[in-house]
Amino acid sequence: MRGGLGRNRAGRAGCGRACGTDGAGAEGDAPSGSSPVRASRGAGTLLLSPGARQALTSPQGNSGRGPSVADSHDGEPRHPLGRNHDMKIGIIGAGNIGGNLTRRLTALGHEVAVANSRGPQTLAALAEETGATPVTVTEAARGARIVVVTIPLKAIPDLPSTGLFDGAEEGFAVLDTGNYYPRERDGRIAAIEDEGLTESRWTERHLGHPVVKAFNGTYAQDILDRHRPAGDPERIALPVAGDDEQAKKAVRELIDELGFDTVDAGGIDDSWRQQPDTPVYGLRGGVEEVERALAEASPERPESFRG
């Protein structure tokens, strides 16, 4: 706990790869942490260092809506009114984060296609459990409104250079959950360390499509266990960064449906505020706590996260 914020300040010793990035070397349970604190509502504007004035908005329930429900699935909200019912979502990566997003999104009634590097035949158990469709990596985006890329950073360049997003819905959004772990998994990436690219900007350049960064500091098990309806005092908030406002809106609405508040963390060049070992990374807190943690972040990458 630090500063009374209800924070699990989880760097590699805490949240680690139980947060954010899936795939090889990403297995393991999330450690126990602090209980979620009260999630405040309303929008806030903070003075962010170094000298930048950044609006970190946190709309009521992310849209000013209450927890309206069209029907329910296993006692939880399903298909909030005004959203696309049975939205197609593609997930590339089926480790902790990808697997649990598959479980929750199918439970909410969405059509999910899930892929990994080992092929659809290795996803039979997840498909049987959830009803998701196992596909190849190049098939995951077909018809998708949102495509989740949740694989180790070092594997991003191994994704197909063409055809990865073929057949996706017009105006689709790409959700990036990745983190950079140079010493323990990814090796040194010069563009990140020498050129100063944020992890998601580097990912975006390889994918050839704008990304929205979210879930990279979220405990995988929290996706299943800590979702709450809008307005619940223990609802956790997640930072969301991205340059494409429409894509960011779509991702924030999906996160709201999953049972979490969101805070606009700025553009992708601002997403260093939520990279590993920053105050918000691994934070289980509400809107005000997330806003405060983003404002406290330093652009200096810790030595432990250098290759």
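In the predicted model, the largest cavity is lined by 16 residues, and those nearest its centre are G217, T218, L238, P239 and V280. The space in the largest cavity comes to about 100 Å³. Classified by residue type, the lining of this cavity consists of nine nonpolar, five polar and two charged residues. A search of the whole structure returned one cavity of 30 Å³ or more.

Open space was also examined. The second largest pocket contains about 320 Å³ of space. It is lined by 24 residues, and the closest to its centre are Q275, S298, P299, E300 and R301. Nine residues of this pocket lining are nonpolar, five are polar and ten are charged.

The chain as a whole comprises 307 residues, of which 57% are buried. Its secondary structure amounts to eight helices and twelve strands. Among contacts with a separation of 6 or more, 73% are made by residues 24 or more positions apart.

Helix 5, which spans residues 199–207, is largely enclosed by the rest of the structure, because seven of its nine residues are buried. The buried residues of this helix are E199, S200, R201, W202, T203, E204 and L207. The elements that cover them include strand 8 (146–149) and strand 9 (173–176), together with helix 4 (190–193) and strand 10 (212–213). Within helix 5, T203 has a relative accessible area of 0% and is therefore buried, the cut-off being under 20%. When residues up to four places away in sequence are not counted, T203 touches L153, I156 and D176. Just after the helix, G208 adopts a positive phi of about 75°.

A further spatial relation involves L207, one of the buried residues of helix 5. The C-alpha atoms of T162 and L207 are 8.9 Å apart in space, whereas the two residues are 45 residues apart in sequence. T162 belongs to the loop between strand 8 and strand 9. With a relative accessible area of 63%, T162 is exposed, while L207 is buried.

Two aromatic pairs are present in the structure. One is formed by F165 and F172, whose rings are 5.3 Å apart centre to centre, with 45° between the planes, a tilted arrangement. Both F165 and F172 are buried. The rings of Y181 and F305 have centres 6.4 Å apart and planes at 45°, so this pair is likewise tilted. Because Y181 lies in the loop between strand 9 and helix 3 (182–186) and F305 in the segment after helix 8 (287–296), the pair ties together parts that are 124 residues apart in sequence. Y181 and F305 are both buried.

An aromatic ring also takes part in an arrangement with a charged residue. R284 lies over the face of Y219, at 3.9 Å from the ring centre.

Positive phi values also occur at residues other than glycine. F215, which is not a glycine, has a positive phi of about 70°. This residue is found in the loop between strand 10 and helix 6 (220–225). The relative accessible area of F215 is 2%, and F215 is therefore buried. D277, also not a glycine, takes a positive phi of about 75°. D277 is located in the loop between strand 12 (261–264) and helix 8. The relative accessible area of D277 is 25%, so this residue is partly exposed.

Notes
Residues are numbered from 1 along each chain as its sequence is written. This is a predicted model: local features need pLDDT of at least 70, side-chain atom pairs count only at pLDDT 80 or more; totals for chains, interfaces and linings use all residues. Side-chain values use heavy atoms; hydrogens and water are left out. Buried means under 20% relative accessible area, exposed over 50%, partly exposed in between (1.4 Å probe, protein chains only). Helices (H or I, at least four residues) and strands (E, at least two) are DSSP runs, numbered from the N terminus. Contact means heavy atoms within 4.5 Å. Rings of Phe, Tyr and Trp (its six-membered ring) pair if their centres lie within 6.5 Å; planes under 30 degrees apart count as stacked, over 60 as edge-to-face and the rest as tilted. A charge sits over a ring if NZ of Lys or CZ of Arg is within 6 Å of the ring centre and within 35 degrees of the ring normal. On a 1 Å grid over the protein atoms alone, a cavity is a set of points where a 1.4 Å probe fits but cannot get out, and a pocket is an open set with protein on both sides within 12 Å along at least five of seven lines; lining residues have an atom within 4 Å of a point. Grid points are joined across faces, edges and corners, and a volume is the space filled by probe spheres set on the points. Ala, Val, Leu, Ile, Met, Phe, Trp, Tyr, Cys and Pro count as nonpolar, Asp, Glu, Lys and Arg as charged, and the others, Gly among them, as polar.
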